[in-house]
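Please review the model below.

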Amino acid sequence: MNARADEPASAATVAAPILSARGLVKRFRTRSLVRGVRETRALDGVDIDVFPGEVVALIGESGSGKTTLGKVLLRLTTIDAGSVTLLGQDLFAMPRGELRRARRDFQMVFQNQTANLHPKMSVQQMVDESLRLHRPDLDATGRQARIDELLGRVGLTARSGQRPASLSGGERRRVGLARILATKPRLIVADEPTSGLDAAIKLSTIQLLKELKEEAMTYLLISHDLGLVRRIADRVLVMLHGRIIEQVPARLLGETEFHHPYTHRLMRAADLDDDRRAPPRERRDEGRAREPLPIESSVHGGCVYAADCQLAPRLGILPRCAVERPASVEVGRGHWVACFGAELPPEDVR
Ligand SMILES: Nc1ncnc2c1ncn2[C@@H]1O[C@H](COP(=O)(O)OP(=O)(O)O)[C@@H](O)[C@H]1O
Ligand code: SF4
Ligand SMILES: [Mg+2]
């Protein structure tokens, strides 16, 4: 079993999940003349639940499977095993027509927005187009009121007559967001919403994400920016080589007694856990800069971090870690860690 994501961790998570996935496996096969056929397990048995009104952050280094998971959860790509349930319906068994309708409720935003914008339409016309499609109940006056409201929300009122060519990258993203909001989605997957933005646009995007949270919008926030994640998310899932290796309430990130050794490394890289917060066992590893593991060297039967872990040799459990996949253990309320160290008494892993 991978880290379980089914434990409510905040007041927002008491209802039934909006989205629920179990045992997701996604493999990619690539072919090259030099290396032949190679297989990458982008998802290696992932379980996840997202509850109404919560912001779930997915963190992990590049190549850990975050975008693939976001896509699978919206059926933007196929799976090799597992299931995704959206509002009680099996997403991968949905007929095309139903899937089209469901897509209004579940959307991926912020990525490649430019490609979705019509070059000859103004900002106002593009938002209007979304409303005509998804809100047939509104007449022209109702639509105009909603357009004004949405453009105000995303800070584009003054740009309503502009076409995409005269908008900045950040403004294009916000047009995309206004179009998405026009459909009133139930769940948003925001993949790296602040990456590649200059400081000012990044700040306004963060503000927007906060406003969405205040409006109880449910979203999966994919980001490697731990500072952003701590400010916005309710719950944080840590991914490594296609597995979720830790699930932790955001308020406990860097503040709890036990973290997965890989989470420690991520936090060190992000300068999140200073000396005061770092548990003693990790402090001893400090100063040893470590490179990401190539996916191919991960042991699929064992722990994906075994080849790189400093804790396992210290505890004398490396032989077990190399062959056995660690189950997720609850180490605190809503805090799950997939590491054999979590099974041991805290004094043994210090
Ligand atoms: N279309 C694809 N073809 C082959 N490999 C892919 C494809 N998409 C993703 N991968 C591989 O799957 C792994 C996870 O990728 P991705 O989900 O993009 O990670 P992340 O978003 O965390 O950076 C990586 O090793 C990546 O190279
Ligand atoms: S299961 Fe073993 S190898 Fe994996 S993180 Fe824990 S101690 Fe390290
Ligand atoms: Mg990605």
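This is a predicted model: local features need pLDDT of at least 70, side-chain atom pairs count only at pLDDT 80 or more; totals for chains, interfaces and linings use all residues.

## Helix α6

Of its 14 residues, 11 are buried, so the helix is largely enclosed by the rest of the structure. A residue counts as buried here if 20 or more other C-beta atoms lie within 10 Å of its own. The buried set includes Glu171, Arg173, Arg174 and Arg179. Val175, Leu177, Ile180 and Leu181 are also among the buried residues. Just after α6, Lys184 has a positive phi of about 50 degrees.

Is strand β3 (residues 55-59) largely enclosed or exposed? Five of its five residues are buried, so β3 is largely enclosed by the rest of the structure. Val55, Ala57 and Ile59 point one way from the strand. Val56 and Leu58 point the other way, and all are buried.

β3 has a parallel pairing with strand β8 (residues 218-222), made over four bridges. In that pairing, Val56 stands opposite Leu220 of β8. β3 is also joined to strand β9 (residues 235-240) by four bridges, and these two strands run parallel. Here Ala57 stands opposite Val236 of β9.

## The antiparallel sheet

Strands of a sheet pair through backbone hydrogen bonds, in a parallel or an antiparallel sense. An open sheet of four strands has the order β2-β1-β4-β5, with antiparallel pairing. Its edge strands are β2 and β5, each of which pairs on one side only.

Inside this sheet, five bridges join β1 to strand β4 (residues 81-86), and the two run antiparallel. Ala21 stands opposite Val84 in β4. Two bridges connect β4 to strand β5 (residues 89-90), again antiparallel. Leu86 faces Gln89 of β5 across that pairing. β4 and β5 form a hairpin with two residues between them. In the turn, Leu87 has a positive phi of about 45 degrees.

## Around ligand 1

Ligand 1 has 13 residues around it. Phe28, Ala42, Lys66, Thr67 and Thr68 come nearest. By class, the shell has three nonpolar, nine polar and one charged residues.

Which elements each supply at least two residues of this shell? They are β1 (19-32), β2 (36-50) and α1 (66-73). α1 gives the most, with three residues. The strands β1 and β2 also belong to the open sheet β2-β1-β4-β5.

## Around ligand 2

How many residues surround ligand 2, and which are the closest? There are 14, and the closest are Cys303, Cys309, Ala312, Cys321 and Cys339. The shell divides into 12 nonpolar residues and two polar ones. It has no charged residues.

Conventions: Residues are numbered from 1 along each chain as its sequence is written. Chains are lettered from A and ligands numbered from 1 in the order in which they are written. A residue is near a molecule or strand if its C-beta atom, placed from the backbone, lies within 6 Å of it. Ala, Val, Leu, Ile, Met, Phe, Trp, Tyr, Cys and Pro count as nonpolar, Asp, Glu, Lys and Arg as charged, and the others, Gly among them, as polar. A residue is buried if 20 or more other C-beta atoms lie within 10 Å of its own, exposed if 12 or fewer, and partly exposed in between; C-beta atoms are placed from the backbone. Two strands pair if DSSP finds at least two bridges between them.
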